[in-house]
Amino acid sequence: MFDPDELDRIREAKAEWEAEEVQPTVDRFGEREETFTTDTEGHEVERLYTPADVADLDYEADLGFPGQEPYTRGVYSTGYRGRLWTMRQYAGMGTAAETNERFHYLLEEGQTGLSMAFDLPTQMGYDSDDAMAAGEVGKTGVAIDSLRDMERVFEGIPLDEVSTSMTINAPASVLLAMYIAVGDQQGVDREQLRGTIQNDVLKEYIARNTFIFPPEPSMRLITDIFEFCAAETPKFNTISISGYHIREAGSTAAQEIAFTLGDGIEYVQAALDAGLDVDEFAPQLSFFFASYNNILEEVAKFRAARRLWADIMDERFDAEDPKSKQLKFHTQTAGSTLTAQQIENNVVRVAYQALAAVLGGTQSLHTNGKDEAIGLPTEESVRTALRTQQILAHESGAADTIDPLAGSYYVESLTDDLEAEAREIIAEADERGGMAQAIEDQWVQRQIQDVAYERQREQEAGERIIVGVNEFEIDEEEEKDIEEVDPELEQAQQERVAAIREERDGDAVESALADLEAAARGDENLMPYLVDAVKTYATTGEICDVLRDVFGEYQPGGSM
């Protein structure tokens with residue numbers, strides 16, 4: 001892109017500027033004592049970037065145009081001028097009825113997609129009346145014990161008019177079956193169902209630990225979903241390969257890219273090994289990233305991830321369909337950056353993080369409520385978080401042109417650096433036998449833990465300023481307006497589970513579960529059996545117990 005002689009002149013002019021202009025100014029006035037590095041990488045940020053820092057940039061090969069390979073500048077040719085990102089606020093409020101109420105509220109306030117949070121027992125495949133669920137029912141999201149709960153969640157919400165994201169992993173196939181069953185009840189053609197299930201078990205072994213089954217049967221469930229949805233629900237994203245939790249656990253931006261795409265490589269390979277064609281399922285893959293405070297680093301991260309995934313799908317897997325190479329992703333602002341101190345500051349943090357996601361070209365976005373560091377978000381804080389997106393969309397101008405930071409010498413240099421570092425990490429994982437083996441060996445976890453430890457040390461030493469926490473502190477009263485879960489919720493939910501067991505056709509349940517067990521012991525696709533089972537009102541726990549009996553449970557530290 002640049003003439004070599006002109007680059008030499010720029011380098012000489014920069015050196016002259018530093019000697020004649022910068023150094024005398026620094027000698028006289030000094031510079032801030034802060035270390036100028038990227039937020040998580042720790043790479044030194046130069047005082048000034050010029051074309052010489054992107055001397056090897058090839059526009060067509062490295063950037064191209066939006067909607068064309070390598071997708072650095074976005075996967076859609078019209079960007080947000082065609083349609084805005086989906087504003088998808090995360091919500092799950094203890095009971096199905098409360099969640100339904102919050103969903104209706106958000107839709108009335110202008111939200112354009114639903115995002116469903118589940119309580120811990122549901123995430124672990126236990127019913128609310130299981131001893132393992134004691135004290136956790138409805139605490140982190142909605143309790144879904146049977147199809148009856150899912151029906152109540154979506155009462156009055158036509159599934160052919162909304163897109164729904166479900167943050168569920170180990171029992172994702174069960175919850176997807178329930179969603180499909182609700183759509184069937186509403187008379188919605190399965191081809192019209194839109195949304196995403198997270199369905200990313202590898203990152204559970206890395207960062208979250210809400211796993212149930214060992215990796216091999218877990219991967220079978222995932223590839224069964226790929227196959228089933230390609231035929232039945234082609235508009236539904238079958239997995240949200242998640243870097244968000246990896247980043248929240250402490251990773252750098254480059255590690256977030258590498259470990260997320262590394263997991264993606266494992267899922268694609270597992271599907272190919274199961275006999276699927278890459279271009280049949282790959283267009284339904286989606287990704288999930290965090291957005292942190294360093295705006296320019298985050299923008300570069302999203303751009304680098306898109307370019308790298310296109311290359312991976314092309315070179316490793318010979319994908320031919322352009323949609324198979326397009327990295328489409330959801331973004332959530334960074335929960336771990338929210339502080340209990342001076343919580344109003346969190347509104348500002350979230351706004352900057354949301355701006356980074358939009359400048360980076362996200363397809364959907366969740367903005368955190370300011371009070372999520374201390375409890376479930378109130379309606380007021382959720383509304384403010386949603387308004388943050390709406391102001392960004394309609395007042396800021398950030399959505400008016402595609403990839404507006406392209407061509408910035410700093411952003412392009414940082415994009416290249418992050419891609420190069422992510423490639424090195426993926427290559428090392430490959431040398432260790434791939435991501436699954438690297439996870440089993442705890443190598444991935446150690447890489448993240450080392451970074452998290454160092455960042456915490458920097459914060460405690462005052463080397464990393466957290467406004468309101470270790471600098472600019474004030475005396476303040478404790479926040480009073482906190483959303484709380486009704487302590488009687490657990491008993492009421494247990495009574496609803498018992499009522500379902502009394503009302504349903506027990507013989508139909510037993511027959512469906514027996515069919516599911518037989519299929520699990522064989523090699524049939526399990527999704528049709530799961531849909532049949534949930535329609536009999538077999539519970540989440542009953543279904544998962546059948547699969548536990550067949551597949552066993554994963555024990556940390558054991559063999560994957």
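Me: Strand 2: which residues sit on one side and which on the other, and are they buried or exposed?
Reply: This is a predicted model. In it, Gly113 and Ser115 lie on one side of strand 2, with Leu114 and Met116 on the other. All of these are buried, so both faces of the strand are covered.

Me: Why that split into two sides?
Reply: Side chains in a regular strand alternate between the two faces of the sheet.

Me: What about strand 4?
Reply: Strand 4, residues 194–197, runs parallel to strand 3, with 4 bridges joining the two. Ser165 faces Thr196 of strand 4 across that pairing. Strand 3, helix 7 (residues 172–186) and strand 4 also make a right-handed β-α-β unit.

Me: Switching to helix 21. Which residues are buried there?
Reply: In helix 21, residues 527–535, the buried ones are Met527, Leu530, Val531, Ala533 and Val534.

Me: How are they arranged around the axis of the helix?
Reply: Looking down the axis, the buried residues of helix 21 fall within an arc of 165°, so they line one face of the helix.

Me: What covers them?
Reply: The cover includes helix 6 (147–153), helix 7, helix 9 (215–232), helix 20 (506–521) and helix 22 (540–551).

Me: What happens just after helix 21?
Reply: Tyr537 takes a positive phi there, about 70°.

Me: OK, cores. How many residues are in the largest nonpolar core?
Reply: That core has 71 residues. Those with the most contacts inside it are Trp85, Phe226, Leu261, Tyr267, Phe281, Trp309 and Val444. Helix 11, residues 253–273, gives the most to the core, with 11 residues.

Me: What is Phe281 in contact with?
Reply: Leaving aside neighbours within four places in sequence, Phe281 is in contact with Phe226, Val268, Ala271, Leu272 and Leu276.

Me: What other core is there?
Reply: Another core, of 61 residues, lies apart from that one, and includes Leu159, Ile197, Ile225 and Ala512.

Me: Last topic: how many disulfides?
Reply: The structure holds 0 disulfides. Cys229 is in none, and its nearest cysteine sulfur, that of Cys544, is 17 Å away.

Me: Cys229 and Cys544, buried or exposed?
Reply: Cys229 is buried, with a relative accessible area of 0%. Cys544 is buried too, with a relative accessible area of 0%.

Definitions and conventions. Residues are numbered from 1 along each chain as its sequence is written. This is a predicted model: local features need pLDDT of at least 70, side-chain atom pairs count only at pLDDT 80 or more; totals for chains, interfaces and linings use all residues. Side-chain values use heavy atoms; hydrogens and water are left out. Two strands pair if DSSP finds at least two bridges between them. A crossover is right-handed if, with the strands pointing away from the viewer, the path from the first strand over the helix to the second runs clockwise. Buried means under 20% relative accessible area, exposed over 50%, partly exposed in between (1.4 Å probe, protein chains only). The arc is that of the directions from the helix axis to the C-beta atoms. Contact means heavy atoms within 4.5 Å. A nonpolar core is a set of buried Ala, Val, Leu, Ile, Met, Phe, Trp, Tyr and Cys residues joined through side-chain atoms within 4.5 Å. A disulfide is a pair of cysteine sulfur atoms within 2.5 Å.
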